[in-house]
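This report covers a pocket and a sheet. The sequence and structure come first.

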Amino acid sequence: MGPSKRCPLYLFVSGRVSLSGFIWSVCQTGFVTRVTLHSSKWKDKEESFRPFDCFMNLSPEVLAAAKCLWSYHRLGHKLEPADIILVFGSSDLRVAGHAADLWKAGYAPRILFSGARGRMTGGWAETEAAAMAKVALSAGVTEECILREEFATNTGENIRFSRELLLSQGIPHATAIVVQKPYMERRTFAALEVQWPDLKCCTSSAAMEFEDYCTEDLPPSLVLAAMTGDFQRILDYPALGFASPQEVGEAEMEAYRVLVAGGFDSQLRKA
């Protein structure tokens, strides 16, 4: 497969090369490339940068594992009109655009955005709910059809605080469409089955394959780490009472092992 159109083509060099008084040290760890410059004119001052990673840096084994888990995480539910569209916290604001499209298509009269700041949005200036609401407003959703829950910091709190908000305002919520990132559909649905069992819901995400989903802001390294972490939670959370058990095949387990061994483990739960 050729390089993604979103990714520039880099020439990777091993070792040390002298050029115009500079020594370029190039080292490759996994598929994340670091380039360090040493200059005698700068008294060996070292500067480093990390270009965002390209698909061409993924081994065939890692790419196959990524596609396997990507497919597993997505549920492909058939959508039906509902009382509410629920959008749980996300670092990817495209989920808000997808929710807006569903609202404009008449699938539900209101959208509830839930999220303060989580493990991937701690540095944001505003809450996830506020940021997503802005996207929906710019897409044509009217203010009176948007609710914001700005205190949840994890999926369990998204569920609990969203339910409490809807109850407090007397808003019907027997049925819902839950909008998520593609790789969080299954984990979110499993959590809802346990933590909001009387809610009749289905999940939805933008129709994207793994290669189409990644961007400069959401490079493959970050997405793969998040996917791996979510798969681990699918395995672990039923025993903790957080989610319903999900059927997992050997192909998915092997894909998970490949990604963990490949170093995409920054979002794993600590033992």
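## Pocket lining

Sorted by class, the residues lining the largest pocket comprise twelve polar, nine nonpolar and seven charged. The model is a predicted one.

The lining of this largest pocket counts 28 residues. R119, T153, N154, T155 and R187 lie nearest the pocket centre. The volume of the largest pocket is about 540 Å³.

## Helices at the pocket

Which helices each supply at least two residues of the lining? They are α4 (155–168), α5 (185–195) and α7 (220–240). Helix α7 gives the largest share of the lining, with four residues.

## The open sheet

Five strands make up an open sheet. Their order is β7-β6-β5-β8-β9, and the pairing is parallel. Two strands sit at the edges: β7 (146–149) and β9 (200–204). Each of these edge strands pairs on one side only. From one strand to the next, the twist averages 25 degrees.

Strand β6 covers residues 111–114. Strands β6 and β7 pair in the parallel sense, over four bridges. Within this pair, L112 has L147 of β7 as its bridge partner.

Helix α3, residues 128–138, packs on the sheet.

Notes. Residues are numbered from 1 along each chain as its sequence is written. This is a predicted model: local features need pLDDT of at least 70, side-chain atom pairs count only at pLDDT 80 or more; totals for chains, interfaces and linings use all residues. Side-chain values use heavy atoms; hydrogens and water are left out. On a 1 Å grid over the protein atoms alone, a cavity is a set of points where a 1.4 Å probe fits but cannot get out, and a pocket is an open set with protein on both sides within 12 Å along at least five of seven lines; lining residues have an atom within 4 Å of a point. Grid points are joined across faces, edges and corners, and a volume is the space filled by probe spheres set on the points. Ala, Val, Leu, Ile, Met, Phe, Trp, Tyr, Cys and Pro count as nonpolar, Asp, Glu, Lys and Arg as charged, and the others, Gly among them, as polar. Two strands pair if DSSP finds at least two bridges between them. Axes are lines fitted to C-alpha atoms, for helices over the stretch in contact, and angles run from 0 to 180 degrees between N-to-C directions. Contact means heavy atoms within 4.5 Å.
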